[in-house]
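Hi,

Here is the structure I promised to hand over. Have a look at it first, and then read on for what turned up.

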Amino acid sequence: MGKQNSVDHAAMRDMNISLILNTLHNESPLSRIGLANRTGLNKGTISVMVKDLLAVGLIREIGTDASSTDVGRPAIFLEPNPDAGSIIGVEIGVDYISIITVNFAIEIISRRYESTLKYISQQAIIDRILFLLKETYEQAKKNGRPVFGVGIGVPGLVDMANGRLLFAPNLGWEDVPIKALVESAIDAPVFVANEANLAALGESYFGAGQNSSFLLSISSGVGVGGGIILNGRLAEGVYGFAGEVGHMTVQQGAHAIRCNCGNYGCWETVAGRQALFSRIETAIHNGRSSWITEVIGNNMTHLSVPLIVEAARRNDQVALDALQETGEWLGIGIASLINIINPERVIFGGALISAFEFLLPTMAQTVNDRTWPWIHEGVNIVAAKHGEDASVMGSVAIVYRDVLNNPRKWLQ
Ligand SMILES: [Zn+2]
């Protein structure tokens, strides 16, 4: 070992502690010896760092390792301490706010969900978010453990370095300094990112993407968003704009529908929730009979994804056709993305997840038809484990990732 200056030494120590925490996240429980084997760090280093992590309560000891060969002195298992602290995840949806608090074992401790349809202005929604967040934060602090941070997902472009929402076409918001606003209300680190990118991160850490290093995550709802995990890391792009798959142009000419972003023929205009609704509306408008009209008459403002799914379960041909066409358009975009990314898994989430069973057959068939077998073989399209919570769990994940990768600030 050569001489190291103290800066290098501190950086090395941080890297090793982070490696230990990440390993315990992936494989706990592990003994100290198990940790040494997995990380390649020597037992002395492990011992010192585990002591530090135990002292601040980030990890805890449990049980004994029966497989230990060290007879007479059984090893003790280590795992992240569920009570180490809490994380607050927020999703600002197009028409709702969702907030969850989880412990360090990522078990949901509390949950708030509110429609924002009653608020008439952007300011009113932001005021409400800040109010709910303050309440949630005060509640989380009550157990005396740290609040590791607040993650916030928004349906738009985010300048991640500054936590600024630049443009959210489906909300109609532009240039909102979300991180600064929230930091003025509560005393915890704040992270802001695109909701679909966060969904990918959340599924990668805690969901259908665990143990998979190359993932494509698609969220289809009011908008269509994407997140890409390459080599185990979220592809953020230079400024955090990567994954805006909903605005790939897939149609041109007279058929192209105007998107909320201002462009024409974006993927979300044919593969999002509104596209599904429009297909139902058009069929009914053209005089096709459907069980749906028995429920809501001709008032198409009452259309919903659960209603369409219920109709499909009753073998309603209008619903089945609309879902099939939507599945085909989803498949067209996913096929292109699979060609680009070569993922091992595609995770599907967002508001359309409740229709997954009806979307999947055509989605998968279209992907098979439009990609080479070498590329699509072995790629499964699976539902997001956290369903409609995928984004808010992603908001949790961005904070969790920060704790795991930068544990120093919690070690004082
Ligand atoms: Zn667009």
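Where they touch, domain 1 puts in 9 residues and domain 2 puts in 7 residues. On the domain 1 side, the most comes from helix α1 (residues 6-27), which supplies 6 residues. That side of domain 1 is made up of 5 nonpolar residues, 3 polar and 1 charged.

Keep in mind that this is a predicted model.

Now the chain as a whole. You'll find 14 helices and 15 strands in it. Its radius of gyration is 24 Å, close to the 22 Å that the globule rule gives for 412 residues, so the chain is as compact as a globular protein of that length. The C-alpha trace spans about 80 × 50 × 40 Å along its principal axes. As for burial, 42% of the 412 residues count as buried. If you take contacts between residues at least 6 apart in sequence, 64% of them join residues at least 24 apart.

Of its 5 residues, 5 are buried, so β10 is largely enclosed by the rest of the structure. Strand β6 (residues 147-154) pairs with β10 in the parallel sense, over 5 bridges.

Cheers

Key
Residues numbered from 1 in each chain as written. Predicted model: local features only at pLDDT ≥ 70, side-chain atom pairs only at ≥ 80, totals over all residues. Helix = DSSP H or I, 4+ residues; strand = E, 2+ residues; numbered from the N terminus. Rg over C-alpha atoms; globule rule 2.2 N^0.38 Å. Buried ≥ 20, exposed ≤ 12 C-beta atoms within 10 Å, placed from the backbone. Contact = placed C-beta atoms within 7 Å. Pairing = 2+ DSSP bridges. Nonpolar A, V, L, I, M, F, W, Y, C, P; charged D, E, K, R; others polar.
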